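These are my notebook entries on one structure.

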Amino acid sequence: MSQAKVDRYKEEKANRKKTLKKQKFMHTVYTICGSVICLAIVGWIGYSAYGYFRTGDKEAAASRTEVNVDALNDYLNTLQTADSAE
């Protein structure tokens, strides 16, 4: 082996604990960040689905009722014509 390779190996061996500690720390950071991002995505999807299905229930529960007021209009018209005749 050349002297440069030997020196590099010795330096790597001297810093091995520091390098492994840094790698473990970065792995932990990436794991935590990934978990938080996944949790945020799942929470957002759940919140959106909850909102979507809740509004769907309100629309289905609401009903429209139509009232025929023709008879009432006819009666009011007869009262107005009776007042006009007097």
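**Entry 1: cysteines.** I began with Cys 33, which has 41% relative accessibility and therefore counts as partly exposed. Next I looked up Cys 38; its relative accessibility is 49%, so Cys 38 is also partly exposed. The cut-off I needed here is that a residue is exposed over 50% and buried under 20%. I then searched for disulfides and found 0 in the structure. I noted for myself that a disulfide is a covalent bond between the sulfur atoms of two cysteines.

**Entry 2: the model and its confidence.** I recorded that this model is predicted. The mean pLDDT of the protein chain is 86, and 85% of the residues reach at least 70. I also compared the elements: helix H1 (residues 3-14) has the highest mean pLDDT, 90, while H3 has the lowest, 82.

**Entry 3: helices.** How many helices and strands does the protein chain have? I counted 3 helices and 0 strands. Read from the N terminus, the order of the elements is α-α-α.

**Entry 4: burial and surface.** I asked what share of the residues counts as buried. For the 86 residues of the protein chain, the share is 0%. The chain exposes about 8600 Å², and carbon and sulfur atoms supply 62% of that area.

**Entry 5: a nonpolar patch.** On the surface I found a nonpolar patch formed by Val 67, Val 69, Leu 72, Tyr 75, Leu 76 and Leu 79. Together these residues have about 570 Å² of accessible area. I followed one of them, Leu 79, and placed it in helix H3 (residues 70-85). Why does Leu 79 count as partly exposed? Leu 79 does so because its relative accessibility is 37%, which lies between the limits of 20% and 50%.

**Entry 6: aromatic rings.** I looked for aromatic pairs and found 1 in the structure. Tyr 52 and Phe 53 form this pair, with 5.2 Å from centre to centre and 75° between the planes. The arrangement is edge-to-face, because planes over 60 degrees apart are counted that way. Finally, I checked the accessibility of the two residues: both Tyr 52 and Phe 53 are exposed.

Key. Residues are numbered from 1 along each chain as its sequence is written. This is a predicted model: local features need pLDDT of at least 70, side-chain atom pairs count only at pLDDT 80 or more; totals for chains, interfaces and linings use all residues. Side-chain values use heavy atoms; hydrogens and water are left out. Helices (H or I, at least four residues) and strands (E, at least two) are DSSP runs, numbered from the N terminus. Buried means under 20% relative accessible area, exposed over 50%, partly exposed in between (1.4 Å probe, protein chains only). Accessible areas come from the Shrake-Rupley method with a 1.4 Å probe; for residues, only the protein chains shown count as cover. Patches are made of residues with over 30% relative accessible area and no salt bridge: like charges are joined within 9 Å, nonpolar side chains (Val, Leu, Ile, Met, Phe, Trp, Tyr) within 5 Å. A salt bridge is a side-chain nitrogen of Lys or Arg within 4 Å of a carboxyl oxygen of Asp or Glu. pLDDT is the predictor's confidence in each residue, from 0 to 100. Rings of Phe, Tyr and Trp (its six-membered ring) pair if their centres lie within 6.5 Å; planes under 30 degrees apart count as stacked, over 60 as edge-to-face and the rest as tilted. A disulfide is a pair of cysteine sulfur atoms within 2.5 Å.
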